[in-house]
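Me: I want to learn how to read helix packing, interfaces and salt bridges in a model. Can you take me through one?

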Amino acid sequence: MSRNAKINTLLLALVAALAVIPLVFGLGDHKEEPFAGADAEAETAITEIDPDYEPWFSPLYEPPSGEIESALFALQAALGAGVIAYYFGLRRGRRQGETRALERLRAEGDLGDGAGSPRPRI
Amino acid sequence: MHIAEGFLPPVHAVAWGVASAPFVVHGARSLIREVREHPESTLLLGASGAFTFVLSALKLPSVTGSCSHPTGTGLGAILFRPPVMAVLGTITLLFQALLLAHGGLTTLGANVFSMAVVGPWAGYGVYRLLRRYGVPLMVAVFFGAFAADLSTYCVTSVQLALAFPDPAGGFLGALGKFGSIFAVTQIPLAVSEGLLTVLVMRMLVQSSRGELTRLGVLVTSVAGRKTADSAEAVTR
């Protein structure tokens with residue numbers, strides 16, 4: 001593995017560790033509902049501060065079940081990941097094409113004006 | 001950081017909408033200008049928006065025993081400046097408000113203000129400041145993304161504390177409550193976002209040197225870099 005790939009892998013491993021540590025050490029155990037969403041906790045805090053508060057508008061569309069909600073979240077992540085992967089794939093392909101084209105040009109150049117010509121440095 | 005639908009009193013909802021609107025309009029104009037002047041950057045713009053899409057869908061556990069998600073707005077703010085992120089962040093928030101019942105239309109203004117306005121500006125500010133003092137690129141990127149993420153959740157806490165001051169502790173009491181829910185939970189997540197943004201920036205440095213140079217993220221001073229840029233520019 002190149003040094004570059006090692007650093008990238010290390011970065012990913014750190015992110016994974018940060019996500020796993022709270023689960024492994026059971027940091028949610030003191031809660032009634034471990035690892036609930038902070039957004040939902042904020043709603044609870046609002047009703048604690050102001051028990052009379054009634055939300056005055058409700059969502060136009062609500063996913064009918066947790067499964068459908070997680071499907072839509074997965075769709076969101078997949079769309080994003082797809083675009084990012086397309087970007088880097090395209091870039092990589094372009095770069096490989098460039099390198100090949102340059103190599104071909106250089107090979108032809110070498111045949112043409114002999115061994116004495118300075119090689120373009122990449 | 002999503003304030004749920006209907007959970008801000010109407011006056012607050014309208015006020016945050018009014019506060020956010022000019023940023024989004026200005027952002028839309030700079031986005032259109034960017035695409036018109038540099039059509040080749042459309043793809044990277046798309047990737048920056050996509051990064052926000054992915055990260056804000058990732059709900060991660062935190063040390064406080066609750067879950068929250070990063071925002072992903074730091075990367076685009078560093079690459080394309082914050083106004084563009086006002087638009088891309090709003091698109092993400094709209095998607096979640098309309099399809100996921102996550103956030104909401106009445107709270108869109110407040111959520112846009114925290115995630116798509118303050119977050120990107122804070123991240124960009126920290127990044128630029130660190131760069132000015134000669135901090136290495138990747139360190140500045142890390143702290144920029146970290147600041148964009150964390151500041152978003154601090155703003156959400158302030159917004160809720162303004163709307164729901166604690167009967168005993170007042171604004172500050174409520175800020176403490178919402179801050180402990182949002183901001184403290186967010187610290188390790190902001191670290192994760194910083195690391196992921198560094199990862200993507202490293203991949204960009206490898207794959208898109210020419211683009212990063214044009215955007216001013218990379219500076220061409222080394223001769224070797226220049227040849228790489230021109231090679232890329234010729235074949236693009």
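Reply: What follows goes from the interface to the salt bridges and then to the helix pairs. This is a predicted model, where local features need pLDDT of at least 70, side-chain atom pairs count only at pLDDT 80 or more, and totals for chains, interfaces and linings use all residues. Residues are numbered from 1 along each chain as its sequence is written, chains are lettered from A in the order in which they are written, and side-chain values use heavy atoms, with hydrogens and water left out.

Me: How much area is buried between chain B and chain A?

Reply: The size of an interface is often given as the accessible area lost when the parts come together. Here the area buried between chain B and chain A is about 5,600 Å². Buried area is the accessible area (1.4 Å probe) that two parts lose on being put together, summed over both. Carbon and sulfur atoms give 71% of it. On the chain B side, F7(B), L100(B) and R202(B) lose the most area to chain A, together 11% of what that side buries.

Me: How many residues are in contact?

Reply: 71 residues of chain B are in contact with 57 residues of chain A. Contact means heavy atoms within 4.5 Å.

Me: How many salt bridges does the rule find across the interface of chain B and chain A?

Reply: Side chains of opposite charge can pair when their charged atoms come close. The rule asks for a side-chain nitrogen of Lys or Arg within 4 Å of a carboxyl oxygen of Asp or Glu. Across this interface it finds one salt bridge. R91(A) pairs with E211(B), the closest N and O atoms being 3.7 Å apart. Over all chains the structure holds six salt bridges.

Me: Which side chain meets E34(B) in a salt bridge?

Reply: R214(B) does, at 3.1 Å, N to O. This pair links distant parts of the chain: R214(B) lies in helix α8 (residues 209-214) of chain B and E34(B) in helix α1 of chain B, 180 residues apart. Helices here are DSSP runs (H or I, at least four residues), numbered from the N terminus.

Me: At what angle do α1(B) and α5(B) cross?

Reply: Axes are lines fitted to C-alpha atoms over the stretch in contact, and angles run from 0 to 180 degrees between N-to-C directions. The axes of α1(B) (residues 10-37) and α5(B) (residues 108-132) come within 8 Å and cross at roughly 45°. That makes α1(B) oblique to α5(B). Under 35 degrees counts as roughly parallel, over 145 as roughly antiparallel, 65 to 115 as roughly perpendicular, and the rest as oblique. The crossing is left-handed: the near helix is turned anticlockwise from the far one by less than a right angle, while clockwise is right-handed. Residues that meet include W16(B) and F23(B) in α1(B), and F113(B) and W121(B) in α5(B).

Me: How do α2(B) and α7(B) pack?

Reply: α2(B) (residues 42-57) and α7(B) (residues 170-207) pack at about 155°, with their axes 12 Å apart. That makes α2(B) roughly antiparallel to α7(B). Their crossing is right-handed. L44(B), F51(B) and L55(B) of α2(B) make the contact with residues of α7(B), among them E193(B) and L196(B).

Technical notes. Helix = DSSP H or I, 4+ residues; strand = E, 2+ residues; numbered from the N terminus.
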